[in-house]
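Here are my notes after a look through the model. Have the structure open while you read.

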Amino acid sequence: MVGLDIGSKTIKIVELEKTRDAYKLKASGIIGYKSNTPEHLADDKELAVLSDVIRKLHKEAKIVGREVVASIPETQVYTRMIRLPMLTDSEISSAIKWEAEQYIPFPVEEAVIDYQIIDRKENATPPQVYVLLIAAPKVLVNRYVKLIQMSKLDLVAVETELMAISRSICPVDQTVLVADFGARSTNIAIVKNSALMMSRSIPTAGDALTRAVAQGLGIEAQQAEEYKKTYGLTEQNLDGKIKSILYPILRMVSDEIKKAVHYFQSEAGSEQPKSIILTGGSAGMPEVASIMTELLGIEVLIGNPFTKVQIDSVIVKQLANFLPYYSVSVGLAMRV
Ligand SMILES: Nc1ncnc2c1ncn2[C@@H]1O[C@H](COP(=O)(O)OP(=O)(O)OP(=O)(O)O)[C@@H](O)[C@H]1O
Ligand SMILES: [Mg+2]
């Protein structure tokens, strides 16, 4: 299966082969592109440009399969844990649309609705089923269908970025918080035993970091991007200037992560996540994990999305510097 993650700055593709009890990496690739508007998919011309980029990536990465699972951006999706009385699976399936009505900010007729049964609490009073509700605007999903068609590929399924990540990067026997620190947004999820429990998206990530460095030093974006990637949060950095510009933004992202943890503990009465897994391109920033560990007081690790995947040793070396990019696409390709 092929996973396709169309980010705001880069597109990632991964092809996996499922053997009896494992996955094997067949091919992978990343390509950068310039999206002109945040809503680049709404414009037909942009769609044509984007589909050319996808075709090029598919070819250059030497992907063989044409059936893809694609992600839709977390920023455009509503996810929410809801509690229903002890219904059967088929009763839930018919109840969900009516339930969704009260939770999503647009009419259900205009939404694509999905759900996952997370837990059946038989012993609670009254007994309850926890269901994760996922809704995306139909118009948006239709744009993705069109984009994939124009890319000459077959769309098998779409899912949210964090659903994919919870499959690839999260341990099967722990509660963790995962943060996808990308370009435009940081997507945060709490994942218990590989099941998504809660998610949210904040509009602050790599783009904001670059912008802050450019403004703070009065330099071009391209130069700022270089400085950010080279110095990050290290102590050696143009007289401390880079770190002092980046640090407040990191603190803001950390505060949002703290809020998510508190919400999860109070709402679901659940335990604190054991660790925080950081992924996405911005997770490659020097010293980001140590600074966030300091800010959060919980261990922050950079995730490896390939731990459940067999890879040839030559490829392992080639991929070493790109691991944080692949957590969404690997998870998409793992979907059966
Ligand atoms: N070594 C590095 N240090 C700091 N930032 C980095 C580094 N490498 C990549 N980045 C940043 O990572 C971001 C791109 O990451 P990624 O490909 O995960 O984003 P995306 O998926 O396109 O965005 P989004 O998911 O937010 O739409 C860019 O902002 C880039 O500056
Ligand atoms: Mg992304």
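1. Contacts first: two residues touch when their C-beta atoms, placed from the backbone, lie within 7 Å. On that basis Leu177 touches Ile188, Ile190, Ile257, Ala260, Val261, Pro273 and Ile276, leaving out residues up to four places away in sequence.

2. Housekeeping: this is a predicted model, where local features need pLDDT of at least 70 and side-chain atom pairs count only at pLDDT 80 or more, while totals for chains, interfaces and linings use all residues. Residues are numbered from 1 along each chain as its sequence is written, and chains are lettered from A and ligands numbered from 1 in the order in which they are written.

3. Leu177 is also among the residues that touch the most other members of the largest nonpolar core, which has 90 residues (buried Ala, Val, Leu, Ile, Met, Phe, Trp, Tyr and Cys joined through C-beta atoms within 7 Å; buried means 20 or more other C-beta atoms within 10 Å of a residue's own). Helix H7 (residues 241-268) gives the largest share of this core, nine residues (helices are DSSP runs of H or I, at least four residues, numbered from the N terminus).

4. Check out helix H4 (residues 161-168): eight of its eight residues are buried, so the rest of the structure largely encloses it. Glu161 and Arg167 are included in that buried set.

5. The axes of H5 (residues 206-217) and H6 (residues 221-231), lines fitted to C-alpha atoms over the stretch in contact, come within 8 Å and cross at roughly 110°. The two helices are therefore roughly perpendicular (65 to 115 degrees). The contact includes Leu209 and Val213 of H5 and Ala224 and Tyr227 of H6.

Technical notes:
Buried ≥ 20, exposed ≤ 12 C-beta atoms within 10 Å, placed from the backbone. Axes fitted to C-alpha atoms, helices over the stretch in contact; angles between N-to-C directions. Parallel < 35°, antiparallel > 145°, perpendicular 65-115°, else oblique.
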